[in-house]
Amino acid sequence: MPLSSPRPEHGFGASFRRLTAAVLFATLVPRLAQRGLFLDGLTYAAIARNLAIGQGHVWAPSYTATLYPVFYEHPPLAFWLQSLWFRALGDHAFVERIYAATTAIVTVVVLALTWRRVQRADPFAREYDWLPALFWVAVPVVSWSVVGNMLETTMALFSSAAILAFAVALDSSVLGGIVAGLASGLCVGCAFLSKGPVGLFPLAAPVVFAFVPRPGRRVWAGWVGQWGAALACGLLLLAAAGPRASLAHYVQQQVLASVAGQRETSGSSLTIVRVLFEGVWLPMAGAYAVAVWAARTVVRPSAATWREAGAWTALGLAGTLPILLSSKQTGHYLVPAVPCFAIAAAMLARPTVAAALAAKVAHRRRLIECTSLAIVIAAVAAAWLPALERDGQRIRDLDAIANVVPQGTTLGICPATMGDWGLHAWFERRFRVSLGVHAQSAWFLKTRDAPAGCVPAFCRPITNPDGALVLMTCRS
């Protein structure tokens, strides 16, 4: 049957877009609705909020008055972008959550547009633009990073946009290819400024696609525009004193130290490879197995499809394997590369999915719509489950003293408490309060595990002295 002829599954795209949206909703909303937040994401939200209220500036963000008063641990673009949301919406706990969810939604849109572009020769490509998004959502670390307000979600948005722009450049005129390449290079610069060197991996696209020739494809035009824009961004950053100093601190304190093994280290030097197989490709293989089960067969892709999928896999590996150079490797570092793997998986799975849909879905669209609705209802109900809460006890401890905490000040703490990074993050994010050892402050925070003799004798509790957190006023 010719590809352009009518098919039984034609027109099902809207139903599966809604199903994919429901799955995305279910993976994000129940956890985003909780008050708790992963330590890193809580820290990033505090820095963004501080920027919004004028504490620090874009090239020298500030965390707390006592812990990273100038924060050079990461490039600042993601903080600055999130600070815009705080300026627009105010200092509320939902701001960082809405920001993170929005980056995920926009990334899905970019992924769908990329699929339509690279599959433009297929008249049914639009009907399957949900497929790469579904593979993307199937990877647990993606939703974990979004819910955790991790910087990788912003980086993934820009790197995906860079790849979309380059995909446009491949099939455009010479001038159009250069212009699209320029847009791609600018997005690469933004990806780097969101989380660092991993964001540069879309620069490998010209090399990767040069090995997959296709009639009408102009790799060189996109390459000129992309690399030219990226180089111009680099030169502009180095020419300005503020960005140059900020990025120099970042490279010294974070990048070089991680490569030298002077920062946090992973359990294995191949952690990122293990996570790639177990955390990315295995879930995608599971999603593909569902399609095989539904189709009761495996429809093999063409040789040309295998080559295209191989190119997208290689591009994803360009954003993965360089992480092996660092002794600091964790699963969420893979998030920017996942869209590439999702497109590759969708290309290979598309024939089998088409067979499954032709056999099963043509007469069951109402079931798909009902399933989508049921998923949304279940997700809303799950948002009330206390088991999904993070740091529940600590939040309750903070609630107990919230009414009397002197916001915008510094509290003294015991030296043994200084390493409780979560306590620093919560007090800064929630109360704009810094914690410091022997801080010259009229206030002191005693924790339940404070060693004997640590609390100054002239401090007196003003909250429950038996609580896990005891706020004290000090007058010598």
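The model is predicted, so local features need pLDDT of at least 70 and side-chain atom pairs count only at pLDDT 80 or more, while totals for chains, interfaces and linings use all residues. Residues are numbered from 1 along each chain as its sequence is written, and side-chain values use heavy atoms, with hydrogens and water left out.

Thr27 sits in helix α1, residues 13–32 (helices are DSSP runs of H or I, at least four residues, numbered from the N terminus). Leaving aside residues up to four places away in sequence, Thr27 touches Val137, Ser143 and Val147 (contact meaning heavy atoms within 4.5 Å). A polar atom of the Thr27 side chain lies 2.8 Å from the backbone oxygen of Leu24. Thr107, 80 residues from Thr27 in sequence, is 15 Å away, C-alpha to C-alpha.

On to the cores, each a set of buried Ala, Val, Leu, Ile, Met, Phe, Trp, Tyr and Cys residues joined through side-chain atoms within 4.5 Å, where buried is under 20% relative accessible area, exposed over 50% and partly exposed in between (1.4 Å probe, protein chains only). The largest one has 67 residues, and Tyr128, Trp136, Phe209, Met284 and Trp312 have the most contacts inside it. Helix α14 (residues 338–360) gives the most to this core, with 13 residues. Another core lies apart from it, with 29 residues, including Trp426 and Phe431.

At the surface, Val174, Trp220, Trp223, Val224 and Trp227 make up a nonpolar patch. Helix α10 (residues 219–239) gives the most to the patch, with 4 residues. Trp220 belongs to that helix and counts as partly exposed because its relative accessibility is 49%.

Technical notes: Helix = DSSP H or I, 4+ residues; strand = E, 2+ residues; numbered from the N terminus. Polar contact = N/O pair within 3.5 Å; in protein donor to acceptor, adjacent residues only side chain to side chain. Patch = residues over 30% accessible without salt bridge, like charges linked within 9 Å, V, L, I, M, F, W, Y side chains within 5 Å. Areas by Shrake-Rupley, 256 points an atom, 1.4 Å probe, with all protein chains shown as cover. Salt bridge = Lys/Arg side-chain N within 4 Å of Asp/Glu carboxyl O.
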